[in-house]
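Student: I have a model open and would like to learn how to read its features. Can we go through it step by step?

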Amino acid sequence: MIALLTRDLRLALRAGGGFGLGLAFYLILAVLVPLGVGPEPTVLAAIAPGVLWVGALLACLLSLDRIFALDWEDGSLDLLATAPIPLEGVVTLKALAHWITTALPLVLAAPVLGVLLNLPAPAYGWLVLSLLLGTPALSVIGTFGAALTVGLKRGGLLLSLLVLPLYIPTLVYGAELVSRGALGLPVSTPLALLAGITAGSVALLPFASAAVLRINLR
Amino acid sequence: MELRLTDIACARGGVPLIAGLSLTLRAGHALVLRGPNGCGKTTLLRTIAGLQPPLAGTVDLPPDAVAYAAHADGLKATLSVAENLRFWAAIYGGGDIAPALARMNLTDLAERAAQNLSAGQKRRLGLARLLVTARPVWVLDEPTVSLDAASVALFADAVRAHLAGGGLAVMATHIDLGLDEARTLDLTPYKAQRAGAGGADSFDEAFL
């Protein structure tokens with residue numbers, strides 16, 4: 001099982017692996033928003049939590065179709081399905097590899113980009129915490145979407161349309177957590193809901209993804 | 001170790017291709033599937049490998065016995081030959097890759113990236129993967145595509161050694177490997193009759 005994870009990480013880091021695509025997108029977004037909105041510090045501070053969360057979500061979305069598409073094209077998905085690892089394990093590791101290569105760099109870059117958006121000082125900790133808690137759900141839900149659309153030519157658009165509604169609760173509670181943190185309000189409700197969504201999707205969705213993948217491989 | 005198919009029917013994309021196929025294959029024997037393009041060789045192999053359920057009938061195999069090799073080799077272009085093979089060896093329980101490399105004459109290419117291999121070399125790497133799986137039942141779909149004569153002989157030797165070691169193999173191939181242990185099965189007589197225009201089948205088919 002570890003071999004699959006290390007292979008995916010190694011592939012992501014090699015040329016053409018797509019590592020850094022999401023990060024570059026996130027950076028561009030965070031640089032462009034202040035230019036578009038204007039330099040008014042109070043306006044930027046007000047929109048910063050939402051922009052940082054929307055950016056992280058879209059950056060995650062950007063690389064979802066690669067999760068299974070490459071393995072599908074070169075035939076390794078068929079071979080993995082007949083290998084001794086359970087398919088549930090394969091999809092969990094794929095989601096984990098996506099999280100490490102795409103979401104984790106976003107979590108680490110977010111505080112730096114927060115400076116560009118004049119994020120209030122008390123919110124930085126909450127920003128990192130909310131992304132750490134929320135992005136695993138994005139990866140797992142995205143893996144489910146990728147499993148649904150594997151084998152479709154140009155399935156990227158369908159994938160985005162399927163996955164975006166499922167991303168909304170994570171976005172709402174994640175951004176709300178940062179906004180409340182910035183204003184010094186109590187954060188326990190969005191924190192609990194965000195953690196709940198992540199825990200629920202990590203626990204349940206790998207089984208759904210594996211079932212869907214089995215049907216798609218027929 | 002035995003592979004037994006009982007009254008198998010299978011379909012591709014909702015179209016039934018094969019019906020009423022029964023056979024038993026014992027350890028040490030190989031089965032070569034023949035038949036015109038589109039007669040269901042790949043579909044039957046995918047059914048045996050467990051990638052799709054049969055429409056009817058049963059596939060009797062010990063669990064976790066099949067090593068499947070498809071048209072595509074499942075190679076990662078940016079990984080080296082050794083890295084590709086080591087990955088599959090780890091997935092299948094961590095065997096040594098050196099004998100498999102030597103057997104398929106890939107030792108000199110071990111550090112080369114898979115994207116720089118020729119088509120035949122890629123195929124040989126795909127077949128070396130079978131050797132590291134250490135599984136008794138090989139299910140091979142056109143294993144000799146793009147292999148030259150010398151490599152076909154290498155492959156035939158590998159299959160022979162596998163059979164001698166108590167394994168068995170089912171393969172779809174159009175060329176003669178010179179395997180004495182192999183039985184040839186023409187799939188043409190097992191062609192499924194298309195269901196008539198009426199009935200529940202055509203209603204379901206509208207949604208496939």
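Student: How many residues does helix H7 of chain A have, and how far does it reach from its first C-alpha to its last?

Tutor: Some ground rules come first. This is a predicted model, where local features need pLDDT of at least 70, side-chain atom pairs count only at pLDDT 80 or more, and totals for chains, interfaces and linings use all residues. Residues are numbered from 1 along each chain as its sequence is written, chains are lettered from A and ligands numbered from 1 in the order in which they are written, and side-chain values use heavy atoms, with hydrogens and water left out. Helices (H or I, at least four residues) and strands (E, at least two) are DSSP runs, numbered from the N terminus. The expected span of a helix is 1.5 Å times one less than its number of residues. Now the case: H7(A), residues 123–149, has 27 residues and reaches 37 Å, close to the 39 Å expected.

Student: Where does H7(A) have a kink?

Tutor: To find a bend at a residue, take the angle between axes fitted to the seven residues ending there and the seven starting there. In H7(A), a kink of about 30° lies at A:Gly134, shortly before the proline A:Pro136.

Student: How many residues of H7(A) are buried?

Tutor: Buried means under 20% relative accessible area, exposed over 50%, and partly exposed in between (1.4 Å probe, protein chains only). In H7(A), 19 of the 27 residues are buried, so this helix is largely enclosed by the rest of the structure.

Student: At what angle do H6(A) and H7(A) pack?

Tutor: Axes are lines fitted to C-alpha atoms, for helices over the stretch in contact, and angles run from 0 to 180 degrees between N-to-C directions. H6(A), residues 87–116, packs with H7(A) at an angle of about 150°, and their axes are 8 Å apart. That makes the pair roughly antiparallel. The cut-offs are under 35 degrees for roughly parallel, over 145 for roughly antiparallel, 65 to 115 for roughly perpendicular, and oblique for the rest.

Student: Which residues make the contact between H6(A) and H7(A)?

Tutor: Contact means heavy atoms within 4.5 Å. Those on H6(A) include A:Val91, A:Trp99 and A:Leu106, and those on H7(A) include A:Tyr124, A:Leu131 and A:Pro136.

Student: How many residues of H4(B) are buried?

Tutor: In H4(B), 12 of the 15 residues are buried, so the helix is largely enclosed by the rest of the structure. Among the elements they pack against are helix H5 (76–81) of chain A and strand E5 (66–69) of chain B.

Student: Is B:Thr133 buried or exposed?

Tutor: B:Thr133 is buried, with a relative accessible area of 3%. This residue belongs to H4(B), residues 119–133. B:Thr133 touches B:Ala67 and B:Tyr92, not counting residues up to four places away in sequence. Just after H4(B), B:Ala134 takes a positive phi of about 55°.
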